[in-house]
Amino acid sequence: MNGDLRIDRLRWWHLPAVAAMEAAIFGPEAWSEGLLWTELSAGHDYRAVFDGGTVAGYAGTAYNEAEAWLNNIAVDAAYRRRGVARMLMDDLIERARAGGAKSVLLEVAVDNGPAQRLYDAYGFYGIGVRKRYYQHTGTDAAVMRMDL
Ligand SMILES: CC(C)(COP(=O)(O)OP(=O)(O)OC[C@H]1O[C@@H](n2cnc3c(N)ncnc32)[C@H](O)[C@@H]1OP(=O)(O)O)[C@@H](O)C(=O)NCCC(=O)NCCS
């Protein structure tokens with residue numbers, strides 16, 4: 001189904017497209033191009049699914065000793081429900097395991113049903129709540145963990 005899609009490292013020249021996608025998806029909570037630059041400069045592991053030269057989706061992971069933190073994951077609305085997020089999750093789990101991580105952690109808005117179903121499918125479980133984590137909406141975030 002995803003024969004034309006490939007996964008690879010996200011590079012700096014993709015950041016304008018990623019920032020535009022962030023703005024379209026997350027609105028006032030979007031990460032700016034500058035912040036995304038900082039993420040890449042910090043050496044965090046950013047991966048993207050490409051359809052030719054187009055970024056269909058991306059995910060960024062930061063490593064802290066034996067923990068991998070999924071900082072963000074998003075799929076362009078035009079590419080949803082085609083397994084792009086699964087490609088990103090499978091890839092990051094494989095890379096986290098290979099790097100010696102023992103768990104993957106993330107935050108997700110408590111009202112984000114699609115993302116929660118994605119994480120449920122991978123066996124993530126809730127370990128806490130960050131109250132009013134998302135500043136513009138005041139929405140709480142669930143902190144979730146998956147054991148590798
Ligand atoms: C959440 C998101 C990343 C999923 O991306 P996607 O590429 O459409 O997901 P996939 O096609 O790989 O779906 C994988 C599984 O996730 C779940 N899922 C994904 N979207 C769903 C939806 N809209 N409703 C219910 N379940 C959903 C399903 O279990 C799905 O498996 P299935 O298609 O076999 O039923 C995408 O909807 C998105 O970018 N949302 C906006 C950004 C966001 O919320 N990011 C997460 C921040 S924590």
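Predicted model: local features only at pLDDT ≥ 70, side-chain atom pairs only at ≥ 80, totals over all residues.
## Exercises on pockets, packing and a cavity

Strand E4 (67-75) contributes seven residues to the lining of the largest pocket, the most of any element. Residues are numbered from 1 along each chain as its sequence is written, and side-chain values use heavy atoms, with hydrogens and water left out.

**Exercise 1.** Describe the largest pocket and its lining.

*Solution.* Start with the term: on a 1 Å grid over the protein atoms alone, a pocket is an open set of points with protein on both sides within 12 Å along at least five of seven lines, and lining residues have an atom within 4 Å of a point. Next, the volume, meaning the space filled by probe spheres set on the points, is about 1400 Å³. The lining has 39 residues, and Phe-26, Ile-73, Asn-112, Ala-115 and Tyr-119 lie nearest the centre. Then sort the lining by class: 22 residues are nonpolar, eight polar and nine charged. Here Ala, Val, Leu, Ile, Met, Phe, Trp, Tyr, Cys and Pro count as nonpolar, Asp, Glu, Lys and Arg as charged, and the others, Gly among them, as polar. Finally, look at the elements, which are DSSP runs (helices H or I, at least four residues; strands E, at least two). Those supplying at least two residues each include helix H1 (15-26), helix H4 (113-121) and strand E6 (125-134).

**Exercise 2.** Work out how H1 packs on helix H2 (residues 33-41).

*Solution.* First, take the axes, lines fitted to C-alpha atoms over the stretch in contact, with angles from 0 to 180 degrees between N-to-C directions. The two axes come within 9 Å and cross at roughly 125°. Now list the contact (heavy atoms within 4.5 Å): Leu-15, Pro-16, Val-18, Ala-19 and Glu-22 of H1 meet Glu-33, Leu-36, Trp-37 and Leu-40 of H2. By class, that gives seven nonpolar, no polar and two charged residues.

**Exercise 3.** Find the largest cavity and say what lines it.

*Solution.* A cavity is a set of points where a 1.4 Å probe fits but cannot get out. Helix H3 gives the most, with three residues.
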